[in-house]
Amino acid sequence: MKQHWNEVQPVDSFSVTMNGILHQYDHKVITFLYQPLIGPVCISFYSTLWHKVEENRLWSEEWSHYHLMNLLGLNLQEIYHARLKLEGIGLLKTHIKNEANTRSFVYELQAPLSAEQFFTDGMLNIYLYQKLGQSHFLKLKKSFMDKQVDTEAYQEITRSFQDVFTSLGTGSLQNMDGHEASDPQQGQGFFSREEAGPIHIDGKEFDFDLLLAGLTDMMVPRKFFTATVKDAIAKLSFIYGINAIEMQNIVLGSVTSDHNIDIEELRKAARDWYQLENDDTLPQLVDRHQPLHQRESISPGNTPESKLIYYLETVSPRQLLIDLSDGATPAKSDLHAVEDTMFKQKLTVGVTNVLIHYVMLKTDMKLSKNYLEKIASHWARKKIATVQSAMELAKSEHRQYQEWAAGNTGTNQRKSKVIRREKLPDWFTSEEQTKQPAKKENTKEFKERKRRLDAIQKKYLKNGGDKGGAN
């Protein structure tokens, strides 16, 4: 993963251009539809770039990123990550020019989708629905709609152009010859605006060959798989985590009697499949994976710690809880605790996985919500965004976290038990741990608990080299 300081520096200059004039309606769409998905920092960044361009202009003056940092009150890493989110959701295109000792950027603002495009997108509307809940989602959707007047009972009496205006004749246009197509200023053009396109998911990660291998030409003719259908399949695979084998039945159920694949039926079938597989819920935060730009490893590596880091960067929190429970379905209370913590503290998926790993192994496989939230709040204040940085902070703050763990147990007697029997992850190499003499615990219950924890940790350490490649 490229670090932000390799991508942009405070001294680098930038200017802003717009793909056509943005309107007040665009601001409403961005605020109410995009902001719940990408957060207020991204919206503030977008709005600041927008207002850098003077009214009825398409280009801004040139500024430095140091100026932008002071203006927004953000560090360069926060600005860089906000930029990536805006690029990913289709609101920004970034161009760069490298010269001798200078580097300059052009930030090209893109118009948002219209409300109709957004609510029929098939991906963004699903994430917004999950974020807001059904009642708020429907209320918000209604605010972008109004009744349509039925003119069927009326007779149209609109006059045409020639009914109102008369021809000037050829003589009046002689002086215009050769001038109507002239360009008075080289390099200039009229204000224009391209319509915003839908979010495109690269289909390279979906195995279409495997999908087609299980569907004969008699079952689903190859001509059915148009570019539009393939794009919908790739998008649904990304949203719901459907692999090529599982997608075969979904495609079969979407073939219509007039011999094509109905996109809307495909979406409904994918949603129904997901809700059936996941206890009637739509995709949630606990089902997400660490974004590629926040991963620090591209392969499992050879050491146990590198394999674990790769695993935590490529697994979802839900799957991690399943692996920690030796395949058992996580309790709803545990999933809600993790989901709530991720939402409130804005933790990345990888950091959340480290948190789950650390807390579960320190509290005898019991996910204490208070303890989880306390550490999560600390990591959020420290702006921890990667697996490696979360591990390092856990090591450096070990004594403090021990006190918090003891504080959650009630009596002093219970506190001593937790500290004496605590189990730490393999990646945790605390000097304090090596300096303190080991306290003996020979009870049968403790030995069995230790055996079970060791077996679980070995299992998903091994899985770190196998599962990660599929994500």
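I shall speak about aromatic pairs, charges over rings, a surface patch and one asparagine.

The model is a predicted one, in which local features need pLDDT of at least 70 and side-chain atom pairs count only at pLDDT 80 or more, while totals for chains, interfaces and linings use all residues. Residues are numbered from 1 along each chain as its sequence is written, and side-chain values use heavy atoms, with hydrogens and water left out.

Let me start with the aromatic rings. How many aromatic pairs does a search of the whole structure find? The search finds nine. Here, rings of Phe, Tyr and Trp (its six-membered ring) pair if their centres lie within 6.5 Å; planes under 30 degrees apart count as stacked, over 60 as edge-to-face and the rest as tilted. Phe45 and Tyr107 are an edge-to-face pair, because their planes stand at 80° and their ring centres are 6.2 Å apart. Phe45 belongs to helix H3 (residues 40-52) and Tyr107 to strand S4 (residues 103-109), so this pair ties together parts that are 62 residues apart in sequence. Helices (H or I, at least four residues) and strands (E, at least two) are DSSP runs, numbered from the N terminus.

Are these two residues buried or exposed? Buried means under 20% relative accessible area, exposed over 50%, and partly exposed in between (1.4 Å probe, protein chains only). Phe45, at 0% relative accessibility, counts as buried, and so does Tyr107, at 1%. Tyr107 also forms a stacked pair with Phe105, 6.1 Å centre to centre and with 25° between the planes. Phe105 is buried as well, at 3% relative accessibility.

Elsewhere, one aromatic cluster is formed by Tyr34, Phe118, Phe119, Tyr129, Phe137 and Phe144.

I turn now to charges over rings, where NZ of Lys or CZ of Arg must be within 6 Å of the ring centre and within 35 degrees of the ring normal. The charged end of Lys52 sits over the ring of Trp63, 3.5 Å from its centre. Lys230 lies over the face of Phe208, and here the distance to the ring centre is 5.4 Å.

Next, Phe165 is found in the loop between helix H9 (161-164) and helix H10 (208-213). With a relative accessible area of 49%, Phe165 is partly exposed.

Finally, which residues does Asn353 contact, leaving aside its neighbours within four places in sequence? They are Leu312, Val315, Ser316, Pro317 and Leu320, where contact means heavy atoms within 4.5 Å. Asn353 lies in helix H17 (residues 349-362) and, at 0% relative accessibility, counts as buried.
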